Amino acid sequence: VWEPLLPYALRGALWYQGESNVGEGMLYHEKMKALIGGWRDVWNRPDLPFLFVQLAPWQYPNSKPTDLPEIWEAQAATLKVPNTGMADIVDIGNVEDIHPANKQDVGKRLALSALATVYGQSGLVYSGPLYRGMKVEGDRVRITFDHTGSGLVSRDRKPLTWFSLAGEDRKFVEAEAEIDGDTVVVRAEGVEKPVVVRYAWDRKAEPNLSNKEGLPASPFRTDNW
């Protein structure tokens with residue numbers, strides 16, 4: 001299958017796939033590592049840049065609401081592989097259509113990632129906010145992010161959506177979330193001692209947190225329950 005392409009040089013690879021893997025969880029991370037390693041091996045380019053697209057929300061039939069978020073988690077984990085990049089499209093999908101029509105912005109986000117990480121253009125914000133860490137502050141949790149750009153915003157100027165909190169009882173409650181500088185502070189009525197935060201942890205989630213450059217925050221969870 002590779003023979004027609006192998007005589008040609010590659011500057012990098014773009015990958016947009018994974019719908020049929022929903023339900024595999026972190027196994028998909030292992031498959032992504034194998035895929036990237038395989039391409040790098042056959043082209044004899046151990047540093048071949050590999051940029052991929054995090055899947056859009058969709059109501060996958062015969063699946064749990066968390067099956068797609070677990071694929072999102074596996075895709076985000078693949079950023080640990082050197083010379084990789086991810087375009088998040090949680091804000092430009094269509095929960096009624098597995099193939100959302102807006103491909104132009106998908107291409108633009110991949111191009112931003114390529115310009116910044118492959119071609120070395122400086123000063124570009126090329127990723128939406130990615131979860132960095134959390135700190136419990138009484139009945140609240142403060143979330144920190146990488147890639148906040150010139151600041152965090154609510155994309156539609158409405159209260160932040162799709163945050164939830166749980167205590168040690170593992171019962172998740174819809175949470176209120178507010179932007180505080182480059183962090184987000186989360187609290188929920190009835191959760192006095194929060195332990196875990198989840199964001200956009202549902203296959204239908206179309207959350208509104210982004211940076212001012214218009215790139216959406218990637219879904220995450222702080223637990224491994």
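I started with R142 and found its salt bridge to D180, with the closest N and O atoms 2.8 Å apart. For a salt bridge I required a side-chain nitrogen of Lys or Arg within 4 Å of a carboxyl oxygen of Asp or Glu. R142 belongs to strand β5 and D180 to strand β9 (residues 176–180), so this pair ties together parts 38 residues apart in sequence. I took strands as DSSP runs of E with at least two residues, and helices as runs of H or I with at least four, numbered from the N terminus.

Next I looked up accessibility. R142 is partly exposed at 22% relative accessibility, and D180 is partly exposed at 40%. My cut-offs were under 20% relative accessible area for buried, over 50% for exposed and partly exposed in between, with a 1.4 Å probe and protein chains only.

A note on the source: this is a predicted model, in which local features need pLDDT of at least 70, side-chain atom pairs count only at pLDDT 80 or more, and totals for chains, interfaces and linings use all residues. Residues are numbered from 1 along each chain as its sequence is written, and side-chain values use heavy atoms, with hydrogens and water left out.

I counted 14 salt bridges in the structure. One of them joins R221 and E73, at 2.9 Å from N to O. R221 sits in strand β13 (residues 220–221) and E73 in helix α2, so parts 148 residues apart in sequence are tied together. R221 is buried, with a relative accessible area of 15%.

I then checked D146 and R132, whose side chains meet in a salt bridge of 2.8 Å, N to O. D146 is in strand β5 (residues 140–146) and R132 in strand β4 (residues 130–137), 14 residues apart. D146 is partly exposed at 32%, whereas R132 is exposed at 52%.

**Aromatic rings**

I searched the whole structure and got ten aromatic pairs. Rings of Phe, Tyr and Trp (its six-membered ring) pair if their centres lie within 6.5 Å; planes under 30 degrees apart are stacked, over 60 edge-to-face and the rest tilted. F163 and Y199 make a tilted pair, 4.5 Å centre to centre with 35° between the planes. F163 lies in strand β7 (residues 163–166) and Y199 in strand β11 (residues 196–199), so the pair ties together parts 36 residues apart in sequence.

I found the charged end of R11 over the ring of Y119, 5.1 Å from its centre. The test was NZ of Lys or CZ of Arg within 6 Å of the ring centre and within 35 degrees of the ring normal.

**Nonpolar cores**

Last, I looked at the cores (sets of buried Ala, Val, Leu, Ile, Met, Phe, Trp, Tyr and Cys residues joined through side-chain atoms within 4.5 Å). The largest has 21 residues, of which V22, W39, F50, L55, Y60 and L68 touch the most other members. α1 (27–42), β2 (50–54) and α2 (67–77) each supply at least two residues of this core. I noted a second, separate core of 20 residues, including L160, V197, A200 and A217.
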